[in-house]
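Student: I would like to go through how some of the terms are applied here. Please set each value against its cut-off.

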Amino acid sequence: MVDNVISLNEIRAKELSRKFKYGYMWALFCAVFWGIWYLPGTAIWVLNPFDEMFAAIAATNGDSLSLVIVAVLITALNALTCVIALLLWNAVLGKHKLKELKRTIFDFRKCSKWFFLAGICGMTAVFGSYLAMGFIGAAFSAVAGLLYPVVGSTVARLWYGERVSRRAAAGIIIIVFGGISIYAGGLVSELATGSVQWFGYLGGLMAAAFWGIEGAIAGKGLDLAEPDSALTIRFIAEAGYWWLIVIPALTLLGFPMMTYALSIFEPLVLVVLMFAGITFGFCYVTWYKSFPLIGVGRGQGIGNLYGLCAVVFVFLFFGTSPGWAIIIGGVLCVTGGMLMFTENTDGISSLRGE
Amino acid sequence: MSKMGERPLKIRILGIFNDGKPHWNYEIVEIISKEYKMSGSYESSLINFDLVELASGGMISDVEQKMDTEGIYKKNFLLHKYVITNLGKEKTAGACALGRN
């Protein structure tokens, strides 16, 4: 009898650790996909029609505004290719997931409203990242976004009482120091040259703040939905906001959005856009999958390794090496994430208090 | 009953737990499979994963486990018995399950 109890406890512990293992595994995949995303995200700017579009708008409205407008079109296309990638993902998972997607969308009041809200945060964050990429560079954009777990953990704690342990709090503090290094490093050298790319820094802040809030909102909605459906809805929402509201509004203001949107049908441009959609879409699939298993704060903490992946990939593929401030900041952010990651999991079978 | 089948899976599952009684995972898998016309081990595992997610979200609580020695659900793995939590009840009453019946 006693033997039985012990072995049951052992199996129980094993099962719990398996759950955490899967959660962390998903989060790690998220980091890799997310890191890779900065490759197409960087390459797309120099391709036509975006290059031409930038030159055309810059001629009348100046470089900065032009870059912002091009970032809008790129982000909107990014959302669209993510929707395609995710619909395919649901189809691959089987007919149940497609039916569940439909059920979840139509349960708007109870369920999908959270994902439409997450879509607003998501669109601001992605747009911010593209701004940071366009104005400053991929490495800065990636590492600046690393601050999002700080926002995510704080919001999750204040809003629905997710436990943040001492260790996690220590990790968060280290990440904040990393953030200071990234921003201060870049700003100091730019202030010396006299031209500061404010839009880029603002973009970095937008990415961090809104990805954090998005994660917390998503955590709320995931209580009642399956992540595969939730996520697809979140991207359909984002694509909707861009293509039904922002792009028409900019068109009315006289920007040639549709002209350039309709000239993307060249093999290389489509491949790069689809690559962005697949990597970004799947980084979200894996991210959302990790939340119910390990909690929003920790899911985001591990996903954080994307910053390191991005810096390495950008270096390997484009040969641009980031400045020391970014490397030190990135290492601090990853260390902070690791502190949250290696937290002792004993006794946290449920991640939330009642 | 057919109207029930239109809700997202997790909401329907919480609706079942809302009777306040504990349920074994294989019982839930059986009920849901029937209502949503799902079958096979792959679709069963999708339903079971919803239970895992609901439990880790604190909606339901894992109150009892036993070894599945006979292969009722998955041989030599744990069977779980869950009961709805206060948080789960709140969700069910306020934001979720039974509001549209």
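Student: Which residues of helix α2(B) are buried, and what makes a residue buried?

Tutor: The model is predicted. In α2(B), residues 25-35, the buried ones are N25(B), I28(B), V29(B) and I32(B). The term applies because 20 or more other C-beta atoms lie within 10 Å of the residue's own.

Student: Why are the buried residues of α2(B) said to line one face of the helix?

Tutor: Viewed down the axis of α2(B), they fall within an arc of 100°, so they line one face. Their cover includes α1, β1 (23-24), α3 and β3 (78-84) of chain B. After α2(B) comes K37(B), with a positive phi near 55°.

Student: Why is α3(A) called oblique to α4(A)?

Tutor: Helix α3(A), residues 63-93, and helix α4(A), residues 95-106, pack at about 125°, their axes 5 Å apart. Angles of 65 to 115 degrees count as roughly perpendicular and those over 145 as roughly antiparallel. The angle of about 125° therefore makes α3(A) oblique to α4(A).

Student: Which residues meet there?

Tutor: N90(A), A91(A) and L93(A) of α3(A) meet K97(A), L98(A) and L101(A) of α4(A). By class, this contact has four nonpolar, one polar and one charged residues.

Student: How many residues of chain B are in contact with chain A, and which element gives the most?

Tutor: On chain B 29 residues are in contact with 23 residues of chain A. The helix α3(B) gives the most to that side of chain B, seven residues. That side divides into 13 nonpolar, eight polar and eight charged residues.

Methods: Residues are numbered from 1 along each chain as its sequence is written. Chains are lettered from A and ligands numbered from 1 in the order in which they are written. This is a predicted model: local features need pLDDT of at least 70, side-chain atom pairs count only at pLDDT 80 or more; totals for chains, interfaces and linings use all residues. Two residues are in contact if their C-beta atoms, placed from the backbone, lie within 7 Å. Helices (H or I, at least four residues) and strands (E, at least two) are DSSP runs, numbered from the N terminus. Ala, Val, Leu, Ile, Met, Phe, Trp, Tyr, Cys and Pro count as nonpolar, Asp, Glu, Lys and Arg as charged, and the others, Gly among them, as polar. Axes are lines fitted to C-alpha atoms, for helices over the stretch in contact, and angles run from 0 to 180 degrees between N-to-C directions. Angles under 35 degrees count as roughly parallel, over 145 as roughly antiparallel, 65 to 115 as roughly perpendicular and the rest as oblique. A residue is buried if 20 or more other C-beta atoms lie within 10 Å of its own, exposed if 12 or fewer, and partly exposed in between; C-beta atoms are placed from the backbone. The arc is that of the directions from the helix axis to the C-beta atoms.
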